[in-house]
Amino acid sequence: MGALQSLPGRPEYSDLAEKTGFSFEQIGVLHKRFKQLSHNEETLRRDHFNEIHDLAFNPIRAQIIEAFFDRRNFHQDGEGKVQEIGFEEFVVVMSHFRPPSDHMTEEQREKTRREKLRFLFNMHDTDNDGTITLEEYRHVVEELLSRSGTLEKETAKCIADAAMLEVASISVGHMLLDGFEIESRMTIRFLNMDTTTLCK
């Protein structure tokens, strides 16, 4: 995996900034975060993500972590999972959460929307077969409901089954995408964060 050796703001980051849309300043923040998580190693492994406190409470934590190790999310041809990632792969995956710029053209906004939808699709296509089965959908719904802490596992399973029947009876694509502004909803804001608190 490609670990970049330069410091943020150096010409070596030009390609990465071009590929991801991040500024040098944003890449600098991400570089600090990467170094924190990896304990100054050149690569990140899945267990490094266990140190992200807020992620521990996310109901789809496992899918989020796996997304960082899915070759389909690296903006290059490739399939399957990797065991570790370098800084470049980390930044490319993080770019899927970059808020849209106010100065985006309609074409750029549509491209961002397509990329985010593809990323979400990959996240839930857990067996990497190019389709999201009802079983995979059921798993996501069940995880979301059971992790809320207010429902028993069996109740969550029943609701997930009912949701599956509902999905099977309507146009899934229309249900999920109509009127949903994914390009502005699927974002992460990090520039004003104190990176020293991100591992607590």
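Predicted model: local features only at pLDDT ≥ 70, side-chain atom pairs only at ≥ 80, totals over all residues.

Colleague: Okay, helix H5 then. What span should it have, and how far apart are its end C-alpha atoms?

Modeller: H5 covers residues 106-124, and its 19 residues should span 27 Å at 1.5 Å a residue; the end C-alpha atoms are 27 Å apart, which agrees. The expected span is 1.5 Å times one less than the number of residues. Helices (H or I, at least four residues) and strands (E, at least two) are DSSP runs, numbered from the N terminus.

Colleague: Which residues of H5 are buried?

Modeller: Thr-112, Arg-113, Lys-116, Phe-119, Asn-122, Met-123 and His-124. Buried means under 20% relative accessible area, exposed over 50%, and partly exposed in between, using a 1.4 Å probe and protein chains only.

Colleague: Switching topic: what is the phi of His-39?

Modeller: It is near 55 degrees, a positive value in a residue other than glycine. Most residues other than glycine have a negative phi. His-39 sits in the loop between helix H2 (24-38) and strand E1 (44-45). Asn-40, found in that loop between H2 and E1, has a positive phi of about 65 degrees.

Colleague: Is Asn-40 buried or exposed?

Modeller: Exposed, with a relative accessible area of 57%. His-39, at 46%, counts as partly exposed.

Colleague: Now the salt bridges. How many does the structure hold?

Modeller: Ten. A salt bridge here is a side-chain nitrogen of Lys or Arg within 4 Å of a carboxyl oxygen of Asp or Glu. One of them joins Arg-46 and Glu-66 (2.7 Å, N to O). Arg-46 lies in the loop between E1 and helix H3 (61-67) and Glu-66 in H3, so the pair ties together parts that are 20 residues apart in sequence.

Colleague: What about Lys-81 and Glu-66?

Modeller: Their side chains meet in a salt bridge too, at 3.3 Å, N to O. That pair links distant parts of the chain, with Lys-81 in the loop between H3 and strand E2 (84-85), 15 residues apart from Glu-66.

Colleague: And are Asp-70 and Arg-72 buried or exposed?

Modeller: Both are buried, and they form a salt bridge with the closest N and O atoms 2.7 Å apart.

Terms used: Residues numbered from 1 in each chain as written. Heavy atoms only, no water.
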